[in-house]
Amino acid sequence: MLLAVAAISVLVAQQSRLLAEREIAALEAQLIEAKKAELRNYVTLARAAFYSVYAAATPSDHKAQTRVTQILAAMTYGTDGYFYVYDYEGTNLVAPLQTELITRNWQGLTDSEGTLVVDRLIEQARKGGGYHTYLWKKPSTGKEALMISYTGGLQDWRWAVGTGVFLDDVLASVAAARAQTEARIRTTFLWIAVITLGAVMLVFLSGLALNIRERRLADNKLKALTQRIFDTQEEERGRVARELHDSISQLLVGIRYALELAKRRLSTGDPNAVESVEKGIVGLNGAIQEVRRISRDLRPGLLDDLGLGPAIQALTESFAARTGIAVEFETVVFRNRLDQEAKIALYRIAQEALTNIERHAGASRVTVNLRGHRRGALMRIEDDGIGLSEVAGAPESPGMGLRNMAERIEQLDGTLRVMSSRSGTLIEAEIPLSHMLPPENAQKASA
């Protein structure tokens, strides 16, 4: 925003200066035109004053020439205004306010900037009249100032007659207009700065308020997530404890009774002691299988050894054998192309989905489809049960399970879609392509 405001400010200032320069140039041109018109009027009045003498005289009438120089010398105006006369050879004949110029030849005279003065005046007089701008010493101050003059010619006498005015007032007006323009631009910049500062403060305060609000929301979410993690841990610990108590513990108790019975029979020489030992061995094998099942539920070895496809296939087969629900599993060979986080997430989602189906759906058929595509990996789990809405009031609602699925997918920047109706439920979990390993990394992972 600051860069945009700075760019706008520079653009506004530039456009304002361009517009002001055009206006100032137009004002300067108008003032100079007014000065030119004023000069022509002065020269016209002067010619009217001496024209009767000039018209009646001959080219060599010195008395008439003297009379005309007297008339022009007397015609001064203001503090610096007078008429000058040069002959065509460059000699000054009239300069009432600068008498040091009279009777001296000024051909080749230039101002401080190198502009020819007298030669140009004579040149314009020969052509019948014209304007010339140059630097000239002001009689009142003795300092150079910009001057514009109009010079006409008396061709019979070969005289250049003219007058000039200094442009101090024009330059002062132009300078004042330029100063006003700069003041307006500074004021505009000041207003832009004030507005920008206000906007920045508003954005800063709004951002601060939003940050505080988001931080509070994030803290609340973090607390809720932490509590949910604790709840999940306690739930998992309770499940493992129930598994150990309901299965392993009972099996071990049975093995203990069988071994104690075998001990008593051996002490009495009962030949049935071998049968009791065999029952203990059978019970021990069952305990070993149960430990393997619990271990597989906690962390399936197939997931690390063979990859996601075989692990989910084993999960579906175990589910079908345990529940009697028909399961159709379809997959495309992944060659362990998914990274570890994606494999674990999809496996846990499949595990959670099958658990929900077993507990709540009342389904008779389940389809699990796992495949890769151009955007990543997709797993679809569909059942023909009663749908989620019908089990909302169940003792163990599947809401927590679905939330756990969604959080696992969100951590991987994936998407989870759940579509449910009375004819069944469809769960789609999609993992982005960023979690697909290159072939060489996949080979290392499989190794």
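This is a predicted model: local features need pLDDT of at least 70, side-chain atom pairs count only at pLDDT 80 or more; totals for chains, interfaces and linings use all residues.
Seen down the axis of H2, the buried residues fall within an arc of 160°, so they line one face of the helix. These buried residues are Ala 64, Gln 65, Val 68, Thr 69, Ile 71 and Leu 72. An α-helix has 3.6 residues a turn, so residues three or four places apart point the same way. On the other side of H2, His 62, Lys 63 and Ala 74 are exposed. The cover over the buried residues of H2 includes helix H1 (2–56) together with strands S1 (83–87), S2 (92–94) and S5 (159–166). At the N-terminal end, H2 is capped by Asp 61, of which a side-chain oxygen lies 3.2 Å from the backbone nitrogen of Lys 63.

A further part of the model concerns strand S7 (residues 365–373), which runs parallel to strand S6 (residues 326–331) and is joined to it by 6 bridges; within this pairing, Glu 330 has Asn 369 of S7 as its bridge partner. Strand S7 is also joined by 8 bridges to strand S8 (residues 376–383), and these two strands run antiparallel, with Val 368 standing opposite Ile 381 in S8.

Taken as a whole, the protein chain contains 10 helices and 10 strands, and 35% of its 447 residues are buried. Of the contacts between residues at least 6 apart in sequence, 61% join residues at least 24 apart.

Terms used
Residues are numbered from 1 along each chain as its sequence is written. Side-chain values use heavy atoms; hydrogens and water are left out. Two strands pair if DSSP finds at least two bridges between them. Helices (H or I, at least four residues) and strands (E, at least two) are DSSP runs, numbered from the N terminus. Buried means under 20% relative accessible area, exposed over 50%, partly exposed in between (1.4 Å probe, protein chains only). Contact means heavy atoms within 4.5 Å. The arc is that of the directions from the helix axis to the C-beta atoms. A polar contact is a pair of N or O atoms within 3.5 Å; within protein, one must be able to donate a hydrogen and the other to accept it, and residues adjacent in sequence count only if both atoms are side-chain atoms.
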